Amino acid sequence: MVTLRIGFGEDAHRLAPGRPLVLGGVELPSPRGAVAHSDGDALLHALADALLSSFALGDIGDFFPPSDPAFSDLDSREIVRRALAEVRARGGELVNAALTVTLDAPKLGPHRAAITGRVAALLGLPEDRVGVGFKTSEGLAPDHVQARATVLVAAT
Ligand SMILES: [Zn+2]
């Protein structure tokens, strides 16, 4: 019998000048980027948390403690690969992923195809199973980037 599991994750980082802005593994042109001990990829951090939550495995802070210097400037694609491996080790197969980024600037629409393609490849999914939406905070939170991710996992 197949069981369906939902996973949800959320992440946010403060923005500061001179930092790279990386979302979905894509470095975007921006004068500001995420302040983080890793590459600050809020989209992939939310996605990794969503994957882990589908099997109630906690969050990426448990797997990659910020206090551990080994994870300094870690490529967040590695975090997602590790989370996906945890799901697969439990018989989970990812069905689709739905992702939203809230960022006031720069506008992300022109980068949707690049971000979708990169995330789909990372997850081993066709691009029509990776939905990526962009919002602004309407000026309420101009100094941070936020991401939310939902995944559907089929497990036998
Ligand atoms: Zn993060």
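This is a predicted model: local features need pLDDT of at least 70, side-chain atom pairs count only at pLDDT 80 or more; totals for chains, interfaces and linings use all residues.
Me: Which residues of α3 are buried?
Reply: Ser76, Ile79, Val80, Ala83, Leu84, Glu86 and Val87. They cover an arc of only 155° around the axis, which puts them on the same side of α3.

Me: Why would residues a few places apart point the same way?
Reply: An α-helix has 3.6 residues a turn, so residues three or four places apart point the same way.

Me: What do the buried residues of α3 pack against?
Reply: Three helices and strands to start with: α1 (42-54), α2 (60-63) and β5 (92-102) are among them. The others are α4 (112-123) and β7 (144-155).

Me: Switching to α4. What does it reach from first C-alpha to last?
Reply: It reaches 16 Å with twelve residues. That is close to the 16 Å expected at 1.5 Å a residue.

Me: Which of its residues are buried, and what covers them?
Reply: Buried in α4 are Ile115, Thr116, Gly117, Val119, Ala120, Leu122 and Leu123. The cover includes β2 (21-23), β3 (26-28), α1, α3, β5 and β6.

Me: What comes just after α4?
Reply: Gly124, with a positive phi of about 70°.

Me: How many residues are in the largest nonpolar core?
Reply: It has 47. Leu23, Leu47, Leu51, Val101, Ile115, Val119 and Leu123 have the most contacts inside it. Helix α1 gives the most to this core, with nine residues.

Me: Take Leu47. What does it touch?
Reply: Beyond residues up to four places away in sequence, Leu47 touches Val80, Ala97, Leu99, Val119, Leu123, Ala149 and Val151.

Me: Where is His45, and is it buried or exposed?
Reply: His45 is in helix α1. It counts as buried, because its relative accessibility is 5% and the cut-off for buried is under 20%.

Me: What is His45 in contact with?
Reply: Neighbours within four places aside, its contacts are Asp11, His13, Ser38, Asp39, Gly40, Ile60, Ser76 and Ile79.

Me: Now β6. Which side chains point to which face?
Reply: They alternate along residues 130-135. Val130, Val132 and Phe134 point to one face and are buried.

Me: How many bridges join β5 to β6?
Reply: Six, and the strands run parallel. Thr102 has Lys135 in β6 as its bridge partner. The chain crosses from β5 through α4 to β6, in a right-handed β-α-β crossover.

Conventions: Residues are numbered from 1 along each chain as its sequence is written. Side-chain values use heavy atoms; hydrogens and water are left out. Buried means under 20% relative accessible area, exposed over 50%, partly exposed in between (1.4 Å probe, protein chains only). Helices (H or I, at least four residues) and strands (E, at least two) are DSSP runs, numbered from the N terminus. The arc is that of the directions from the helix axis to the C-beta atoms. Contact means heavy atoms within 4.5 Å. A nonpolar core is a set of buried Ala, Val, Leu, Ile, Met, Phe, Trp, Tyr and Cys residues joined through side-chain atoms within 4.5 Å. Two strands pair if DSSP finds at least two bridges between them. A crossover is right-handed if, with the strands pointing away from the viewer, the path from the first strand over the helix to the second runs clockwise. The expected span of a helix is 1.5 Å times one less than its number of residues.
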